[in-house]
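Dear colleague,

I am handing over the structure that is to pass to you, and my notes follow directly after it. Please read them with the model open beside you.

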Amino acid sequence: MANAGNMAFSFLNVSLTFVTYIITKHLDKTPSQVTSLLFNAICQQYSVDIIFTPRLQSAIKSYLYRANGIISKLKKSKRGGKQRSIFAAWLDKAKCWQMKILHAEFTKTGLLDTIKNLTKENGKMARLKQKLKKVVQNSKCLDRLKEKYKNRARRLSMLLRNKQIGRRCAWRNKVQYSKRHAKRLTKNVKEECQARLQFLDSWGVQVRQITIKDMKSGQLSNISIVEETEELCNISESSEDELLQKINLAILVKDAHGVSDDTWNSLASISNLPNLTQIKKQMPESEINIPLSKTKSSKPGVQRDIKELLKQEIAHLVSKGLIGEGQTVDVKITGDGTIVGHWHYVNVTCTIINDEVNASKASAHHPIAILCDEEKYGQLKEHLVDIVQDVASFTSVEIDGVLYNIQYYISGDYKFLLTICGMGAANSKYPCVYCLIQSSHLHIANPVSQPRQLGQKGHSCVRDPIFKSIPGEYVAFDTLHMYLRITDRLLKKIMQILNELDMEELGSQCRSYDPNKMKRCALMEDILERAGVRGAALNYDKETKLVKCRDLRGPEKQKVEKVLDEIEKLVESHAHGHAVVDAWRKFRVLYDDVRSFKRADALSPNRPAQLSKLRGDLVEWLESLISVCTPKIATPYMHLFVVHAADVIERLGSLHVFNAQGLEKLNDMTTTEYYRGTNHRKGVESLTQIFRRSNRRLYRAHKGIRLPRKPKKCGKCGQYAGHNRATCPRSDQ
């Protein structure tokens with residue numbers, strides 16, 4: 001133990017070899033655990049009796065961070081070489097670590113032992129006092145010292161005000177200190193003030209902040225003395241819940257808007273927001289306790305324990321009354337591929353469809369695996385080994401003494417369904433997942449075909465299903481992609497009619513899209529633009545020498561449906577123009593009828609009659625469409641819509657709950673979170689980052705944590721009563 005002159009602290013020389021031994025012995029521990037273990041080991045090894053204060057904890061943790069960086073590099077280097085030489089030089093350069101200990105941090109016994117050791121240096125102290133007297137007697141030396149410390153105080157004051165001071169070199173004018181050097185200077189001043197003012201604790205007084213005054217300019221600057229960890233410990237119990245609520249809302253805002261740490265620090269410095277240290281400390285506790293693990297594949301992939309996820313989600317829905325006592329829990333497993341950055345990603349999710357109102361929302365789709373791979377059979381089977389086993393074994397769960405059986409379903413777009421079921425592509429000879437109809441007979445409204453048995457090889461079934469425990473009766477197609485693909489074919493037929501009418505007037509084909517020559521196509525583009533379809537909707541295909549429409553999204557298709565009357569006027573001169581537009585109108589009506597069937601009305605006595613009428617209307621629609629178009633217009637989605645939609649509704653109760661709209665929204669959220677995150681590498685770390693945000697969203701949903709909404713003013717009565725103009729109870733009179 002060495003004394004630091006007349007300061008109120010001492011230095012303990014700790015061997016670096018001893019520190020290295022402790023770190024390498026506890027590599028599996030967290031930094032906080034290693035800090036506590038190292039502190040206890042130092043107290044035993046060097047026989048010191050001190051208190052583990054937040055200042056000491058922060059000092060040990062910061063030193064461990066530097067030491068652990070060198071040791072981890074040494075551990076990664078297999079052959080040694082440069083990293084071993086750096087480690088050896090580090091040990092030789094600083095053979096011991098001078099650990100600063102304030103005298104107030106000693107216990108009573110430890111402080112007495114320290115005083116005994118310090119009395120041995122009285123001779124040295126006497127010599128220092130004699131030198132100090134000589135300096136004081138020499139007025140020139142004293143004036144020089146005063147001016148020196150005045151300049152230091154002025155520089156520190158200007159540094160805190162972020163002013164430009166000093167000259168660093170001959171070729172550079174006045175510049176600021178670097179952030180690292182400024183932080184070092186402020187830290188030294190803070191530690192010296194803490195040591196000098198430590199005696200105030202015995203009087204029951206705590207110094208939280210000091211003010212430095214620039215004697216020349218008269219401006220003031222503040223330095224916080226109390227550590228952030230001590231501030232957290234000094235919070236009263238009455239305000240602890242309020243602070244915890246603020247921190248959880250702060251985490252919500254950071255996750256929702258992708259606020260960086262630097263930006264949050266800047267906002268917290270000018271407002272009463274929780275600081276970054278408080279947020280980082282609370283963030284692990286604000287995640288739902290669901291284990292994450294790497295998938296059993298050579299490619300990057302992260303999965304979530306589906307058993308624990310379903311236990312907590314079912315318990316939450318039971319507490320809200322959305323699942324009755326002893327009711328069977330229906331779980332939909334679905335997936336979809338997307339491109340994030342330059343890589344293919346596949347989101348595999350599960351949804352409890354008992355909550356029929358929210359089953360189609362993105363918040364109800366809980367990711368169970370995110371795979372950085374392509375959406376192919378071999379890759380999915382290799383990644384989903386653990387999930388397939390859990391689905392086969394986890395068929396019931398007990399909550400509060402009540403047993404709930406679990407029934408699993410498979411859903412998704414047609415590519416995902418064919419891949420999961422082990423079938424070929426949608427253009428194969430037998431493309432249907434429900435029956436053995438050939439692709440050349442898809443236009444037949446009442447086909448005579450045998451039902452398909454999943455897993456039975458032949459008829460375009462080339463592999464075993466990935467989820468063997470889920471039979472084919474519990475496979476449901478997605479209504480969203482069915483709507484998009486069928487309307488694509490109808491829009492393509494309308495564009496074909498417009499091209500034929502324009503070429504009849506011109507007498508020949510155009511080599512490019514000229515609006516002055518192809519007037520109907522130009523009017524079609526003008527109609528789409530006025531309807532709200534942004535961007536270039538039409539483009540010229542050089543191979544077919546036809547004007548085509550790009551793929552429109554769902555909201556854009558709905559805008560097109562509003563202007564079908566104007567489109568009908570463009571194609572009315574064609575023999576089949578009116579019939580094609582009318583087929584689109586009838587399809588929209590039938591699509592709404594299919595979506596109107598609810599699982600809650602499955603036992604209704606009117607359900608058989610409604611399904612019988614729906615089957616007849618679907619057959620009539622397809623026959624009328626084929627009569628004006630070629631049979632090639634029929635696709636697997638049209639076959640599913642006409643032949644199997646009513647059967648699936650009769651068997652599963654509804655098709656609307658198998659809508660993939662929430663999954664598509666989840667894909668957009670995953671892409672946004674990837675770009676807003678700090679890790680953009682292709683690997684497990686970036687996927688884990690996305691999963692941890694999903695865990696925090698689920699935790700907030702279960703705890704009911706959401707941002708308070710600002711009350712809106714009613715436009716009719718002018719009151720902030722929680723209603724709008726449409727729901728206002730005030731009459732129009």
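D400 is exposed, with a relative accessible area of 76%, where exposed stands for over 50% relative accessible area, buried for under 20%, and partly exposed for what lies in between (1.4 Å probe, protein chains only). This residue has a positive phi of about 55 degrees although it is not a glycine, and D400 lies in the loop between β11 (396-399) and β12 (402-412). Helices (H or I, at least four residues) and strands (E, at least two) are here DSSP runs, numbered from the N terminus. H459, which is not a glycine either, also has a positive phi of about 55 degrees; H459 is found in the loop between α16 (414-420) and β13 (475-477), and is partly exposed, with a relative accessible area of 39%.

Please keep in mind that this is a predicted model, in which local features need pLDDT of at least 70 and side-chain atom pairs count only at pLDDT 80 or more, while totals for chains, interfaces and linings use all residues. Residues are numbered from 1 along each chain as its sequence is written, and side-chain values use heavy atoms, with hydrogens and water left out.

As to the whole, the protein has 25 helices and 15 strands, and 43% of its 733 residues are buried. If contact means heavy atoms within 4.5 Å, then among the contacts with a separation of 6 or more, 64% are between residues 24 or more positions apart.

Helix α20 (residues 564-571) has L564, I567, E568, L570 and V571 as its buried residues. These cover an arc of only 155 degrees around the axis, and therefore lie on the same side of α20; the arc is that of the directions from the helix axis to the C-beta atoms. D565 and K569, on the other side of α20, are exposed. The cover over the buried residues of α20 includes α17 (479-506), α18 (519-531), α19 (554-562) and α21 (577-595). R520 belongs to helix α18 and is buried, with a relative accessible area of 19%. Apart from its neighbours within four places in sequence, R520 is in contact with L498, L501, D502, E505, L570 and S573.

Strand β14 (residues 538-541) has L538 and Y540 on a covered face, and N539 and D541 on an uncovered one. In a regular strand the side chains alternate between the two faces of the sheet. With strand β15 (residues 546-549), β14 pairs in the antiparallel sense over 4 bridges, pairing being taken to require at least two bridges found by DSSP. D541 stands opposite L546 in β15, and in this hairpin, with 4 residues between the strands, K545 takes a positive phi near 60 degrees.

Lastly, the second largest pocket holds about 1200 Å³ of space. Of the 40 residues that line this pocket, A362, S363, R697, L698 and A701 are the closest to its centre. On a 1 Å grid over the protein atoms alone, a pocket is an open set of points where a 1.4 Å probe fits, with protein on both sides within 12 Å along at least five of seven lines, and lining residues have an atom within 4 Å of a point. Grid points are joined across faces, edges and corners, and the volume is the space filled by probe spheres set on the points.

With kind regards
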